[in-house]
Each structure stands twice: as structure tokens, then as C-alpha cells.
Amino acid sequence: MGIYLFSIGGMMMPFEDMEILMKEASPIFSQNNLVRNIVEKKNQAQLRMKAEVEKRITPEQREEQKKRKEMDAKIKIGEHFPDAKVKDNTGNMKLLSDYVGKGKYVLIDFWASWCGPCRHEMPNVKAAYEKYVSKGFEVISISTDRKLKSWRAAIEELGMNWTQLLDVDAGDVYGIYAIPRTFLVDPTGIVIDKNLRGKSWKKLYRNCLNNRCFVFIVLVN
């Protein structure tokens, strides 16, 4: 995005998109006075909005927020992924470490067949998988389903042609309180991002795989 276009539409950008843009922007762009002024105004507007929301939160909602933060803190970006128990589609007990940290980027995707937002998001996951599987990208979908027939029917209906697993204790280990929920793990087993969904798929990842620099941009909305 050029400085002129940013000056016109910058204040209309979602805050998360602006954060991504500024992180990836060149110094010439990010240090421009006009750009810096718009970013500062956007930051102040975001702070005012948060303050207004904070005023309206009930004690019950505040307690729920606290619990969710505690659950979110279970998995930290930059740390090694925690192992957990899952079952494969034949009912055999497995570990996440059977699939993750084996030299590929892996998206761990928690979902369920009855979850509307999960089903809505699945085309994005499928598009990313099909585009980048040949470059060292894998997806592991872990379902919280208890009705196996519904689970298997949804997999076929949605064309989920990657590894499908059932939750045993992975949901507890990963602090899953709502789905869909995703974690991106690098080839060495380090968590490099989480909650990739919708526009947040617009990311740039750099790493080296088998002594070869590996770069991919996921642009799925």
C-alpha cells in the first residue's frame, strides 16, 4: 500500500490489519510523518474503544475474560508445542508429536462438525493446505466430536483431505474454550502463531527447511 492510499484509507483499516502492515512495511513507509500520524490516531481510537468496552463489562464478564486469558496463556508463541493425546480415524491412540515437529510447518486446527464458524472457516484451511502442501505445509484437524458418524460425514462433505484426529486430552492441554482454534508450529516444533482465521491468514513466514530457505505467504480471506 502506498503512502497516498494509506492516507485515504488508513483510518478505515481494521486495527489488526494495520498492525500486520506496519510490521512488514519498509522504514521509508513506516517512518513517514503522515503514516506515523495516522497510526497514532488509530492507536488512540483503539484505546478509547477499549476503555468504553471496559466500562460496560459486568463482574461476571470480567471473570470470564480472566479465565479465557488463563486458558490462552497455556500455549505461548516462541515455545515448543506441548504434546497431547489424540485418536486417529481408526480409534488408535496417538500423540501430537507423531505428527508435529517432524520438519514441516503444521497447522493444528481444533474444530467440530456441529460448529458453524468451523465449517465456514474450513474452505480457508483447505485452500492453504492445497496450495502449500508441496512446500512443506501440513494441517492436522483435531475434532471435539463425540458422534463419529457426523464427524466422518463432515470430513467428506468439506473435502478435508488431510490428517483427521479426535480429541482425547489435547483440548485441555491447549486451553480450548471455543472453536475454531488454530496453532501454527514450525518445522522444529516451535509455536510461531495462533488463532489464524479469516484475514489473519495474511501472514508472511520465513524459515529454513532442509538447508533451503522456505517462504510462503498465505492470502486466504
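Which hand does the link of Cys115 and Cys118 have about the S-S bond? The link is right-handed, with 80° about that bond.

The model is a predicted one, in which local features need pLDDT of at least 70 and side-chain atom pairs count only at pLDDT 80 or more, whereas totals for chains, interfaces and linings use all residues. Residues are numbered from 1 along each chain as its sequence is written, and side-chain values use heavy atoms, with hydrogens and water left out.

The sulfur atoms of Cys115 and Cys118 lie 2.4 Å apart and form a disulfide (a pair of cysteine sulfur atoms within 2.5 Å). The count is one disulfide. Cys115 and Cys118 are both buried (under 20% relative accessible area, 1.4 Å probe, protein chains only).

A nonpolar core is a set of buried Ala, Val, Leu, Ile, Met, Phe, Trp, Tyr and Cys residues joined through side-chain atoms within 4.5 Å. The largest has 41 residues, and those with the most contacts inside it are Ile108, Phe110, Trp111, Phe137, Ile142 and Tyr174.

A second, separate core of eight residues includes Met18, Met22, Ile38 and Val39.

Definitions and conventions
Buried means under 20% relative accessible area, exposed over 50%, partly exposed in between (1.4 Å probe, protein chains only).
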